[in-house]
Amino acid sequence: MSAFLFNLILKPPSMNGVAAAAAGAQPLIQYNIDWIFPKLRKPSRLWHIASTGVIGLVGFFSKIVIVWLNKARVHNIEVLENLLENRPKGTPLLTVSNHHSCFDDPGMWGLLKLRNVCNHNVIRWSMAAHDICFTNKYHSLFFMYGKCIPVVRGAGVYQPAIDLCIEKLKLGHWVHVFPEGKVNMTKEDLRFKWGVGRIIYETPVLPIIVPIWHIGMETVLPNEPPYYLRLGKKLTYNFGKPIDLNSVMERLRASPVSEEEARKIITDKIQEEMMVLKEETERLHFDYIKSS
């Protein structure tokens, strides 16, 4: 969830952490986040009440910013909407997208119907940087109620955040992942992190995997100061068809490959599909800009 949105509501951590993360700096764990995972693993009644309020507020705010105050052109969102509302109970859903701005999440979920974006039982679980969003108790509570899971970048694929994502998918929930692993300020083609490969490989029921590519979010919330939301920007969002990994998974299960190799093969396949979606979205965005 966006560090900027938190800046709007409470006193946030420094946005310098965002720049440091984007530059690839390896953060230290300065605030103990261990207490958060049990609360996210087995949410209490109080958590559900607080989460309802936070998700509703953030969802409505995101719709105002992206849909009403900017100029979003959206392609194929019905793919995701249909899965949120009609997929069989217990079927896990995994979305993956590029990461160009701190407002990507929650911003892009403002495109969803209000009954989905403001519903804490529907909206995604998502990993958020521990050194930006979970720096003290009050920050942690806010993002925890927003269904964010603290991830320690640089700690590898075997860490509590990845474990919890797998657990949520096992329950049939929706999990969102930024496989680039950081805000890609330069928009270069980064190698995807293998965490997404582990999540898919170790989830017993293969999730429905929906790729998303968006263009223009860094113009709404720039990655350099001054950090404030801009209005009237042209944005393009493209929701791809679900990625079919059935044949890949069958081959991996049938062959004696290591877990590391399996994670790499799955991650590479996700990146391959995302690059195809990227090219398509760039053409759509070019046509959008050209038409005005």
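Q: Where does K147 lie?
A: K147 is in the loop between α9 (137–145) and β4 (148–151). Keep in mind that this is a predicted model.

Q: Buried or exposed, that K147?
A: Buried. K147 has a relative accessible area of 4%, and the cut-off for buried is under 20%.

Q: And what is phi of K147?
A: Near 65 degrees. That is a positive value, and K147 is not a glycine.

Q: Why point that out?
A: Because most residues other than glycine have a negative phi.

Q: Which other residue has a positive phi although it is not a glycine?
A: K187 is one, with a phi of about 60 degrees.

Q: Where does K187 lie?
A: In a loop too, between β5 (174–177) and α11 (195–202).

Q: How does K187 count: buried, exposed or partly exposed?
A: Partly exposed, with 38% relative accessibility. K147, by contrast, is buried at 4%.

Q: Let's go to S126. Where is that found?
A: S126 is in strand β3, which covers residues 125–129.

Q: Buried or exposed?
A: S126 counts as buried, at 1% relative accessibility.

Q: What does S126 touch?
A: Leaving out residues up to four places away in sequence, S126 touches D105, K147, C148, I149 and H176. So K147 comes up again here, as one of the residues that S126 touches, and K147 is itself buried.

Q: How far is S126 from L111?
A: Their C-alpha atoms are separated by 17 Å. Along the chain, S126 and L111 are 15 residues apart.

Q: D105 was on that list of contacts. What about the peptide bond from D105 to P106?
A: That bond is cis, with omega near 25 degrees. P106 lies in helix α6, residues 104–107.

Q: What about the peptide bond from P225 to P226?
A: Also cis, this time with omega near 0 degrees. P226 sits in the loop between α12 (217–220) and β7 (234–239).

Q: New topic: helices. At what angle do α13 and α14 pack?
A: About 170 degrees, with the axes 11 Å apart. Helix α13 is residues 246–254, and helix α14 is residues 259–290.

Q: Parallel or antiparallel, then?
A: Roughly antiparallel, because the angle between α13 and α14 is over the cut-off of 145 degrees.

Q: Is the crossing left-handed or right-handed?
A: The crossing of α13 and α14 is right-handed.

Q: Which residues make the contact?
A: From α13, V248, M249 and L252. From α14, A262, I265 and I266.

Q: Zoom out. How many helices and strands does the protein have?
A: There are 14 helices and seven strands.

Q: What does the C-alpha trace span?
A: About 50 × 50 × 40 Å along the principal axes.

Q: And how much of the protein is buried?
A: Buried residues make up 55% of the 292.

Q: Last one: what share of contacts comes from residues 24 or more positions apart?
A: They account for 80% of the contacts with a separation of 6 or more.

Conventions:
Residues numbered from 1 in each chain as written. Predicted model: local features only at pLDDT ≥ 70, side-chain atom pairs only at ≥ 80, totals over all residues. Heavy atoms only, no water. Axes fitted to C-alpha atoms, helices over the stretch in contact; angles between N-to-C directions. Helix = DSSP H or I, 4+ residues; strand = E, 2+ residues; numbered from the N terminus. Parallel < 35°, antiparallel > 145°, perpendicular 65-115°, else oblique. Left-handed = near helix turned anticlockwise from the far one by under 90°. Contact = heavy atoms within 4.5 Å. Buried < 20%, exposed > 50% of the residue type's maximum accessible area, 1.4 Å probe, protein only.
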